[in-house]
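Subject: Structure for you to look at

Hello,

Here is the structure I said I would pass on. Please keep it open while you read the notes below.

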Amino acid sequence: MLIGKNVSYFTELNSTNDYAKKMILNGSAQSGDVVIANSQTAGKGRLGRSWADEPGAGLYTSVMIKLSPKNTWVTLVFGLAALNTIKKATGLPLMLKWPNDIILNNKKVCGILAEGCKHLDGSDYFVIGVGINVNNKAFPEELEDKATSTFLETGESYSVTKLAKHLYHEMDYYYEKIQNGEGFASFIEQYKSNCLTLNKDVTVIQNKESVSCRVVDISEAGELIVKLDNGEKMAISSGEASVRGVLGYLQ
Ligand code: BTN
């Protein structure tokens, strides 16, 4: 097992992703190393958003893996790893919202921020930052209708440390397969069967522009394949777009 073999634990960090990137840049990181914090003062979300912090309640962790930046789909696969982790622990009927949000009852339980980074030795790394709302009791007002936690959904508290261990284990399972040359094609059916964005009418927001379309497929590069009103098809990559349901945040 590579992922989680070396764990750096902190009571407080600004962002586990930022700390992990520093470790990679200064050459002190090895593939599989992880950073975990009890609390983040400046947790980052996708597309420049922030990630809510409730000290000790959420899982805030970043995993460093050596992998070519060509494998942009890796963030979708680690979404599956996080989904398996939370499903096994809670039994909740969770689903993935493309690319890697984990959703229950139209609210988000987990988000993933993947960032590319060059190691001091010249090799390419990804930092996979995972935030899971575990024992969170409340969210800021603006997130109340968009975010939930496993505690709020089940009434039960879960050990954040145990969940972290299970997450590293699940991620390791996929990382080993990827290292053995398996591409997204190996995981795509599993991804699609857990993806609530597929076959939905959505609004894609890209560079501040909104486009209404229907999601018709996920490509082998992990892109969302959408069909526009004029029948034209378009591939959307996860680094640049967010998706909203026509009836609101996710539906
Ligand atoms: C998103 O859904 O927008 C992605 C959220 C990612 C949050 C995690 S928490 C641990 C890691 N460190 C960060 O600063 N962000 C990620």
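Predicted model: local features only at pLDDT ≥ 70, side-chain atom pairs only at ≥ 80, totals over all residues.

Residues are numbered from 1 along each chain as its sequence is written, and side-chain values use heavy atoms, with hydrogens and water left out.

Start with threonine 75, which sits in helix α2, residues 74-90. Helices here are DSSP runs of H or I with at least four residues, numbered from the N terminus. Threonine 75 has a relative accessible area of 7%, and buried means under 20% on that scale (1.4 Å probe, protein chains only), so threonine 75 counts as buried. Its side chain makes a polar contact of 2.2 Å with the side chain of asparagine 100. A polar contact is a pair of N or O atoms within 3.5 Å; within protein, one must be able to donate a hydrogen and the other to accept it, and residues adjacent in sequence count only if both atoms are side-chain atoms. Apart from neighbours within four places in sequence, threonine 75 is in contact (heavy atoms within 4.5 Å) with Asn100, Ile112, Ala114 and Ser238.

Now the helix as a whole. The 17 residues of α2 span 24 Å from first C-alpha to last, close to the expected 24 Å; the expected span is 1.5 Å times one less than the number of residues. Because 14 of its 17 residues are buried, α2 is largely enclosed by the rest of the structure. Just after α2 comes glycine 91, with a positive phi of about 75 degrees.

Last, the domains. The chain is divided into domain 1 (7-192) and domain 2 (198-245), with bounds from an automatic or database domain assignment. Their C-alpha centres lie 23 Å apart, and 15 residues of domain 1 are in contact with 18 residues of domain 2. The area buried between them is about 1200 Å², and carbon and sulfur atoms give 61% of that. Buried area is the accessible area (1.4 Å probe) that two parts lose on being put together, summed over both.

What is found across the interface by the salt-bridge rule? One salt bridge is found there, meaning a side-chain nitrogen of Lys or Arg within 4 Å of a carboxyl oxygen of Asp or Glu. Aspartate 217 and lysine 192 form a salt bridge, with their closest N and O atoms 2.8 Å apart.

Regards

How values were computed. Helix = DSSP H or I, 4+ residues; strand = E, 2+ residues; numbered from the N terminus. Buried < 20%, exposed > 50% of the residue type's maximum accessible area, 1.4 Å probe, protein only.
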